[in-house]
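Try each task before reading its solution.

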Amino acid sequence: MAQKQIELQDLDLQQLVEVKKQLEDELSHLTSSFGQLKQAQNRFSDCIESCKAVHEKNEEKTILVPLTSSLYVPGKLADVQKVIVDIGTGYYVEKTTEDAIKFYNAKVAFVNGNLEKIQTTVAQKQGNLRSLVDMMQYKLQIQQQEQKAAAATSKA
């Protein structure tokens, strides 16, 4: 969806305030999305490191298996050749550790692409916001000058 270009000088002060609020809301949403994507990127990177730690030297080693975020049970690595991968929406797939690493590397690359797009968009929106604030200050200055001139004219 293409966005319509708005000439800031054509808007009155109240409209500029509304556009400013909209831009600030968009920036807030984008910043939140950026943070969530960064967390996902870190989770996928952690998965890659965990897959790399599953190798023959660790077979039959005792590990802690998480049942919840704060409850673990002891377990042993029985098969170091395969892992179960969460592919999203509650679906899990058995993969070799090599394929799991490839899967998570692809996820990291995808997230990196989205992070770059969001960074570009944020920079663009921040530039728009700066221009908007500059125009608001300019319009306020003009308005104050007009009020001073009107006050001086009414005194004379």
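Rings of Phe, Tyr and Trp (its six-membered ring) pair if their centres lie within 6.5 Å; planes under 30 degrees apart count as stacked, over 60 as edge-to-face and the rest as tilted. This is a predicted model, where local features need pLDDT of at least 70, side-chain atom pairs count only at pLDDT 80 or more, and totals for chains, interfaces and linings use all residues. Residues are numbered from 1 along each chain as its sequence is written, and side-chain values use heavy atoms, leaving out hydrogens and water.

**Exercise 1.** Find how many aromatic pairs the whole structure holds, and classify the pair of Phe 103 and Tyr 104.

*Solution.* A search of the whole structure gives 2 aromatic pairs. For Phe 103 and Tyr 104, the ring centres are 5.1 Å apart and the planes stand at 75 degrees, so this pair is edge-to-face. Together with Phe 44, Phe 103 and Tyr 104 make up one aromatic cluster.

**Exercise 2.** Is Tyr 104 buried or exposed?

*Solution.* Buried means under 20% relative accessible area, exposed over 50%, partly exposed in between (1.4 Å probe, protein chains only). Tyr 104 has 7% relative accessibility, so Tyr 104 counts as buried.

**Exercise 3.** Describe how H1 and H2 cross.

*Solution.* Start with the axes (lines fitted to C-alpha atoms over the stretch in contact, with angles from 0 to 180 degrees between N-to-C directions). Those of helix H1 (residues 13–53) and helix H2 (residues 97–155) come within 8 Å and cross at roughly 160 degrees. Angles under 35 degrees count as roughly parallel, over 145 as roughly antiparallel, 65 to 115 as roughly perpendicular and the rest as oblique. H1 and H2 are therefore roughly antiparallel to each other.

Definitions and conventions: Helices (H or I, at least four residues) and strands (E, at least two) are DSSP runs, numbered from the N terminus.
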